[in-house]
Amino acid sequence: MAKAGDGILLSSLDVTEQKRTQEALSESEANYRLLFDTIDEGFCIVEVLFDDANRAVDYRFVEANASFERQTGLKDAAGKLMRALEPALEQHWFDIYGEIALTGEPKRFEARAEALGRWYSVYAFRVDEPERRRVAILFDDISERKRTESALRESEERQAFLLALGDAMRAQPAAEDKIEVAARLLGEKLAASRVLYAEYDHEKGLAHIFNGWLADGAQPFPSVVKLENFEGEVLNDLREGRVVRVDDVGRLGAGSGYAAIASVQVQALLSPALLVDGKLAFNVSIHQDKPRHWTDDEVALVQEVSERLWAEVVRARAEQALRESEERLRQFGEASQDILWIRDAQALRWTYLTPAFETIYGLSREEALTRDNFRSWLELIVPEDRPRAIENIRRVRKGQHVAFEYRIRRPADGKIRWLRDTDFPIVADGGAVDFIGGIGSDITAAKLTTERLEQSEERLRSAVEVGRLGLWDWNVLTGEIHWSDEHFRMEGYAVGEVTPSYEAWASRIHPDDRAGAEAALRQARDGGHEFDHEFRTLHPDGAVRWLHGRGRFFYDEAGRAVRMVGAMTDTTVRREWEERQTVLVAELQHRTRNLITVVSSMADRTMRRAADLPEFRDSFGDRLAALARVQGLLSRLQEHDRVTFDELTRTEMASLGVFDGAADRVVLQGPAGIRLRSGTVQTLAMALHELATNAAKYGALRQATGRLEVTWRLEPPGDGAQPLIHIDWRERGVVMPEPGAAPDGTGQGRELIEHALPYQLKAKTRYEFLPDGVHCTISVPISASTPGF
């Protein structure tokens, strides 16, 4: 307010609004500064600098927030030029900010700052009048996200590459083709100069190299190298299974072992190795003719390719070996006359058969492999041999090796063939039997040959045994002699008891005959004629045997006796028969006189007991027939040594027709082969005849309720006593005469048993009538030559 006349002009203005605006601006600036300093994003304002051509060449930092340094790594940037802070920053950053400063068009983008090693998400806009060319930059470090995306992308690309690689390798059957495909794909992907595949022969100190991939102009690597030429760090690392990763060979020392690599135009090297059983087996090498930085992803890719390639190579070689083995098996099977076959161990179906099957079985393989071919196979086997075949298949299914023979009947012609199968289990990794393999051989011809040989040998053996021939074969030069079994026995030796020799033969000749036998042998040898001499042998038990030997010598060109073969027969029996002939004639005369006496006595006794002539005729005829049967048995002594008790008893029973009408009521029980003396047979036979005749007329063999038991046993000899046969004749179920009445059957038969047997045979007898039938016991001395004594 101004007053007039004061000479001073005063003006009063209302600054309230101005104060309010300033305060608001201060508050806004404070808020901006707070936001500027606290946000996580990096923020800066730069002034872009241009050259005369109006091209952005640098920018100066006007200001930067606290996050700027954290997200860029640049310190105290305000007032400094970017080129001064990071000279290597890429030009495209300056171009982008220059364009925004000139046009005023904001821009949002993502880009990598290689110099800073980071990725950024950026929003930039002009913040001042065009002539000042200032740009505000809001940015965020997205390196981790980019790395994740890159890793994912590279992983996807690597997996896609590996899938394509796997498909390409699997499409190649041969190991060399797989190596070539893998090397080519890897070389193309890495833009390599050379990709090699190496396998190591440590025993020979060599590495075998396969040049799988060569870029244009690249020189091939030698196909075989000596390991000693590459001794050093490279080979040592490979032997330890470490990855060899060299970006620039030229920076390494000359003595580091890389000189040999550099000499073959290798400036960068990447080579992972694979150890098998602790030894370097193979490696894949990536060569570059210029220095190169190998990334971790590239290293991982080459390692994985190496492992997959090795697995494919091993598998391909195994499959190739299997194919070659199968081809050899096929060729062998087609050429073999034996049947080679494989069965499924569970279903037992044939899965493989060789052509020989058709020749042997007379059945086509196609027909044999259809339907239930195990059942069809069994039906071809003759029924008697099927259980053996089934049992052996069961055993091989349990893991055993078996061999067995069986016969088949060919369906085409019905012929029988002998086969021999050798079967074996084919075991899986888990130990279970998955398949059964087998070899079937046609042994029909061999069987026939063996049978003929066995028959021939059996005939020879039978002839030797039946003829009781003692054979010898003497190598005169060496003294070695072969004796047949019978020769041993003839000499009084157990078979194999001594080693056959001239001395062993001569030592058993009877002392009185030895000189003559040896003289006859020498005369035959020296005179070149047949040895034919009879002599006695003296055995250790004192037995004397007569032997007749015949043989011949064989001579060499010089006339020396080199071999002698011959045979001996035991002539002891002939000698004894010749000596006994006179005794036998006298015995025959004596037996004839005795027989006449027996017949006369039998006639006299029968006549005294007979009521009339018809009864005499019947009784005498029966007894005479019994006597004739006995004589018939005795006449066979020449053939069967002596009559046995069981033979005598059955002959008498058969003569009465017992086995035709009453066999179910007769029991004959006792040991067989009890031999009787010739003098015993006749009297004992008459006693049995009397007992049997009485049973047939009055006792157990006549009455329907009757039963006859004839048992006998042998009593071994005691001290100085002879062996005895105890005979028990027991009739049961017989209706006997009333007490006091004269029993049937008394008479000549009882008299013979109770008187004649004790007198003539020194037998002990007992004859009694029991309420239900006759009971008779007889104990008779027998020959000590009965078997068992």
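In this predicted model, Arg343 is buried yet forms no salt bridge. The nearest side chain of opposite charge belongs to Asp423, and it lies 6.2 Å away. A salt bridge would need a side-chain nitrogen of Lys or Arg within 4 Å of a carboxyl oxygen of Asp or Glu. Arg343 sits in strand β13, which covers residues 339–344. What surrounds this arginine, once its neighbours within four places in sequence are left aside? Arg343 is then in contact with Leu348, Arg349, Trp350 and Thr351, with Asn373, Phe374 and Trp377, and with Asp434, Phe435 and Ile436.

For helix α5 (residues 143–170) and helix α6 (residues 175–190), the axes come within 8 Å and cross at roughly 155°. Because of this angle, α5 is roughly antiparallel to α6, angles over 145 degrees being counted that way. The crossing of α5 and α6 is right-handed. On the α5 side, the contact is made by Phe161, Leu165, Ala168, Met169 and Arg170. On the α6 side, Lys178, Val181, Ala182, Leu185, Leu186 and Lys189 take part.

Turning to the whole protein, the secondary structure comprises 24 helices and 27 strands. Of the 789 residues in the protein, 37% are buried, and Arg343 is one of the buried residues. Among contacts with a separation of 6 or more, 53% are between residues 24 or more positions apart.

Definitions and conventions: Residues numbered from 1 in each chain as written. Predicted model: local features only at pLDDT ≥ 70, side-chain atom pairs only at ≥ 80, totals over all residues. Heavy atoms only, no water. Helix = DSSP H or I, 4+ residues; strand = E, 2+ residues; numbered from the N terminus. Buried < 20%, exposed > 50% of the residue type's maximum accessible area, 1.4 Å probe, protein only. Lys, Arg positive; Asp, Glu negative; His and termini not counted. Contact = heavy atoms within 4.5 Å. Axes fitted to C-alpha atoms, helices over the stretch in contact; angles between N-to-C directions. Parallel < 35°, antiparallel > 145°, perpendicular 65-115°, else oblique. Left-handed = near helix turned anticlockwise from the far one by under 90°.
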